[in-house]
Amino acid sequence: EVANTRRTLESMLHMPRIDIGRYLLEIDSPLYRSLSPEEQQNSHVKSGSASAMPRGRDDYSVYFSLEVPPRMQPTEKAQKDWSDIAVWYKTITPDYWIRHFLIVNGSTITDCRSGKAEKIILSTDAEKVYRECHKPKTLDQIGETSGLPKNIVEKIVRELEEKKYLLKSGGKFLSLALRMSEEEIMKLAGGNAMTILPARED
């Protein structure tokens, strides 16, 4: 999980920074759903974790974390690796993504992640596939919703993944480019974004 978090964060450096949080066990989280029925039944609220509510509304306090079962406690190595990730991620400046952005507008992808900005024009089929991946989908789901043959979908997905335009996780593919126009990103950049090169067919 720690290694996958690092891989995911490295794929998202062109996006605004996020709070990577802490190791918490909360009701209905993926971690909680992995517990056995007995472990869920015996879960206890972690001491001092409940959020404070105004007097008279204590019963409505819903934000709290649970004690993590011993078998799910992270190892010392995992804790160190997570700490290393947090330290590394804090070195990424808040404006990094503005200067190394990846955006898509229609069939045009503008990629500045390498430090050299360029535009790529997706084919009609590639645009369909990429649009379908704005929400995580499997290869079969992409084929069903795009109406494209499976072999075409597989070829396009492979090419997009190789260029790191897609992130694969849990058997599903997610488009990484932010859906923004050049005008929007330039406005946010305040004139500090990369110079955009002429578009090329991909």
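The legends below describe close-up views of a predicted model.

View 1. Rolling a probe the size of a water molecule over the atoms shows where empty space is left. In this model the count comes to one cavity of 30 Å³ or more. The largest cavity has a volume of about 30 Å³. Its lining includes Met-12, Leu-13, Met-15 and Arg-17, and also Tyr-89, Ile-92, Thr-93, Pro-94, Tyr-96 and Trp-97. By class, eight of the lining residues are nonpolar, one is polar and one is charged.

**View 2. The second largest pocket.** The volume of the second largest pocket is about 300 Å³. Helix H1 (2–11) and strand E4 are the elements that give two or more residues to the lining of this pocket. The lining is made up of 15 residues. Those nearest the centre of the pocket are Glu-10, Ser-11, Arg-113, Lys-164 and Leu-176. Sorted by class, the lining of the second largest pocket holds six nonpolar, three polar and six charged residues.

View 3. Strand E4 spans residues 166–169, and strand E5 spans residues 172–175. The two strands pair in the antiparallel sense, over four bridges. Ser-169 stands opposite Lys-172 in E5. Two residues lie between the strands of the hairpin, where Gly-170 takes a positive phi near 60°.

**View 4. The two faces of strand E5.** Which residues of E5 belong to the covered face, and which to the uncovered one? Phe-173 and Ser-175 form the covered face, whereas Lys-172 and Leu-174 form the uncovered face.

**View 5. Helix H7 and its buried face.** Helix H7 comprises residues 139–146. Within this helix, Ile-142, Gly-143 and Ser-146 are buried. Seen down the axis of H7, the buried residues fall within an arc of 100°, so they line one face of the helix. An α-helix has 3.6 residues a turn, so residues three or four places apart point the same way.

View 6. Just after H7, Gly-147 takes a positive phi of about 80°.

How values were computed
Residues numbered from 1 in each chain as written. Predicted model: local features only at pLDDT ≥ 70, side-chain atom pairs only at ≥ 80, totals over all residues. Heavy atoms only, no water. 1 Å grid on protein atoms, 1.4 Å probe; cavity = no way out; pocket = protein on both sides within 12 Å on 5 of 7 lines; lining within 4 Å. Points joined across faces, edges and corners; volume = space filled by probe spheres on them. Nonpolar A, V, L, I, M, F, W, Y, C, P; charged D, E, K, R; others polar. Buried < 20%, exposed > 50% of the residue type's maximum accessible area, 1.4 Å probe, protein only. Pairing = 2+ DSSP bridges. Arc of directions from axis to C-beta.
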